[in-house]
Amino acid sequence: MTNSGLMILLIAPPGRYRDSLRVLLSAAGWIPGAGVADNVEMGMAMIANNAPDLVLLDAGLPDGEAWVALENIKNNFPEIRCLVLTHTKQDFITAQLQGADDILPDGFSSQLLFDALQRLASEEIC
């Protein structure tokens with residue numbers, strides 16, 4: 001897979017955090033665009049219809065929805081890489097246990113985000 005065609009889906013609740021992520025993603029010249037889903041139900045429908053290469057998943061979704069989404073993606077779409085954005089130490093640990101392909105804790109820099117995206121985009125599924 002090359003970075004030039006990377007299709008990303010961002011699953012995060014509406015708000016400044018998600019808006020900031022969208023701006024960062026659009027600033028990267030090698031990301032043609034990112035789909036956005038407000039919740040797991042919308043995200044899973046978009047995954048089924050659009051087959052993104054990578055899902056950027058906000059652990060801050062209400063009611064543990066992030067972990068439901070991660071489990072569904074890993075079980076039903078194992079070829080899709082998942083980068084989980086965590087807000088607490090417990091989120092980080094849960095993301096590890098649930099099989100996230102990569103994890104970024106709160107306060108990550110844009111460079112760390114882009115590095116993680118490029119690393120995941122270049123990995124091949126075994």
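Is Leu-25 buried or exposed? Select Leu-25: at 2% relative accessibility, this residue counts as buried. Buried means under 20% relative accessible area, exposed means over 50%, and partly exposed lies in between (1.4 Å probe, protein chains only).

Before going on, note what is on the screen. This is a predicted model, in which local features need pLDDT of at least 70 and side-chain atom pairs count only at pLDDT 80 or more, while totals for chains, interfaces and linings use all residues. Residues are numbered from 1 along each chain as its sequence is written, and side-chain values use heavy atoms, with hydrogens and water left out.

**Stop 1: the whole protein**

Show the cartoon. The protein has five helices and five strands. Helices (H or I, at least four residues) and strands (E, at least two) are DSSP runs, numbered from the N terminus. Following the chain along the sequence gives the pattern β-α-β-α-β-α-β-α-β-α.

Along its principal axes it spans about 35 × 30 × 25 Å.

Of the 126 residues, 43% are buried. Contact means heavy atoms within 4.5 Å. Among contacts with a separation of 6 or more, 67% are between residues 24 or more positions apart.

**Stop 2**

Select helix 1, residues 16-27. Leu-25 lies in this helix. Leaving aside neighbours within four places in sequence, Leu-25 is in contact with Ile-8, Ile-31, Ala-34, Leu-56, Leu-113 and Leu-117. For a distance, pick Met-44: it is 19 residues from Leu-25 in sequence and 20 Å away in space, C-alpha to C-alpha.

Next select Leu-24, which also lies in helix 1. At 27% relative accessibility, Leu-24 counts as partly exposed. Not counting residues up to four places away in sequence, Leu-24 touches Ser-110, Leu-113 and Phe-114. Asn-72 is 48 residues from Leu-24 along the chain, and their C-alpha atoms are separated by 26 Å.

**Stop 2: two loops with positive phi**

Most residues other than glycine have a negative phi. Select Ala-51, in the loop between helix 2 (40-50) and strand 3 (54-58). Its phi is near 45°, a positive value in a residue other than glycine. Ala-51 counts as exposed, at 51% relative accessibility.

Move on to Asp-63, in the loop between strand 3 and helix 3. Here phi is near 55°, again positive in a residue other than glycine. Asp-63 is exposed, with a relative accessible area of 79%.

**Stop 4**

Select residues 89-97, which form helix 4. Which residues of helix 4 are buried? They are Asp-91, Thr-94 and Ala-95. These residues cover an arc of only 100° around the axis, which puts them on the same side of helix 4. The arc is that of the directions from the helix axis to the C-beta atoms. An α-helix has 3.6 residues a turn, so residues three or four places apart point the same way.

Show what lies over the buried residues of helix 4: the cover includes helix 3 (65-76), strand 4 (81-86) and strand 5 (102-105). Then look at the face turned away from the buried side, which carries the exposed residues Lys-89, Gln-90 and Leu-97. Just after helix 4, select Gly-99, which takes a positive phi of about 90°.

**Stop 3: helix 5**

Finish with Leu-120, in helix 5 (residues 110-122). Leu-120 is buried, with a relative accessible area of 2%. What does Leu-120 touch, not counting residues up to four places away in sequence? Its contacts are Leu-54, Arg-81, Leu-83, Asp-101 and Asp-102.
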